[in-house]
Amino acid sequence: MAGASAGRWAAMLPAAPPGGASSYTSTAASARVPVPPNDHVLLALPPTAASASVLRSLRSEGVSVSLVSDGIGVLDAVRTRDPALIVIDVDLPGPDQAAVLAAVQSEAPTVPVIAVTPRERRLALLGQLRGDRDDFLVRPFAVDELAARIRLRLRLGPVLENTVLRHGELVVDTEFGDVTVDGQPVALSPTEYALLMALMATPGDVVAPDRLSREVWSDPASPNLVQVYISYLRRKIGAERIRTVRGEGYVLED
């Protein structure tokens, strides 16, 4: 059965371009990952010792996670394992990975994806991601950064079923990435949008700058850069909607 399924996928997808997949690396050991055990995470990473280390680190913290190592494997796993989130490297062995990513998104349209990419391909990748539903991570990366992204995506996942988030007169349609304030459309940059979604994940709670740095930026941002983007966001949604708690962080208010 598995062989027949692999053949079906292989026939549907174009071959990978010449040159093979680039190597996968990770730069950190385990981090605590408080993820509900019923939220299964599918890792689709090249078959390396570093990939196996990421798998062990996440499992050691109680995450329900499995690993596949090629494009055909991830497509079969999407159907058979019903993951709550998919982490997929754009340089997996096998078929062309742009086609694999598109097939994953088509097969599991409500499942968030974290795409792992080399730095030089991150801008091209953005056009393949679905608004705030998906995310990307530049490698090499620390496992605790991946864990933070997993926490954020799983926390937002159930909310995305509704596709519309409301906080007072601030409304976000997560299906299309549209933002309105007092009924008026607001245009946000991708970073501003990601920052807003991180704040909306826990409205009314203080969110520390280092947490925003981990969840919004692939490379950890300085507190000054976080503050700069907070100021950009305030100008667009209203300064009164984001309160600064000195020495602690930021609060999204009605």
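Q: How much space lies in the largest cavity?
A: In this predicted model, the largest cavity holds about 40 Å³ of space.

Q: And how many cavities of 30 Å³ or more does the count come to?
A: The count comes to one cavity of 30 Å³ or more.

Q: Okay, which residues line the largest cavity?
A: The lining of the largest cavity is made up of I88, D89, V90, Q97, A98, L101, R121 and Q128. Two elements, strand 3 (85-89) and helix 4 (97-107), each give two or more residues to that lining.

Q: What does the lining look like by class?
A: Sorted by class, the residues that line the largest cavity are four nonpolar, two polar and two charged.

Q: Switching to helices now: at what angle do the axes of helix 7 and helix 9 cross?
A: The axes of helix 7 (residues 190-200) and helix 9 (residues 223-237) cross at roughly 85°, and they come within 10 Å. Angles of 65 to 115 degrees count as roughly perpendicular, so helix 7 is roughly perpendicular to helix 9.

Q: Which residues make the contact there?
A: On the helix 7 side the contact is made by T191, E192, L195, L196 and L199, while helix 9 brings in Y229, I230, Y232, L233, K236 and I237.

Q: And how do the residues of that contact divide?
A: In the contact of helix 7 with helix 9, eight residues are nonpolar, one is polar and two are charged.

Conventions:
Residues are numbered from 1 along each chain as its sequence is written. This is a predicted model: local features need pLDDT of at least 70, side-chain atom pairs count only at pLDDT 80 or more; totals for chains, interfaces and linings use all residues. Side-chain values use heavy atoms; hydrogens and water are left out. On a 1 Å grid over the protein atoms alone, a cavity is a set of points where a 1.4 Å probe fits but cannot get out, and a pocket is an open set with protein on both sides within 12 Å along at least five of seven lines; lining residues have an atom within 4 Å of a point. Grid points are joined across faces, edges and corners, and a volume is the space filled by probe spheres set on the points. Helices (H or I, at least four residues) and strands (E, at least two) are DSSP runs, numbered from the N terminus. Ala, Val, Leu, Ile, Met, Phe, Trp, Tyr, Cys and Pro count as nonpolar, Asp, Glu, Lys and Arg as charged, and the others, Gly among them, as polar. Axes are lines fitted to C-alpha atoms, for helices over the stretch in contact, and angles run from 0 to 180 degrees between N-to-C directions. Angles under 35 degrees count as roughly parallel, over 145 as roughly antiparallel, 65 to 115 as roughly perpendicular and the rest as oblique. Contact means heavy atoms within 4.5 Å.
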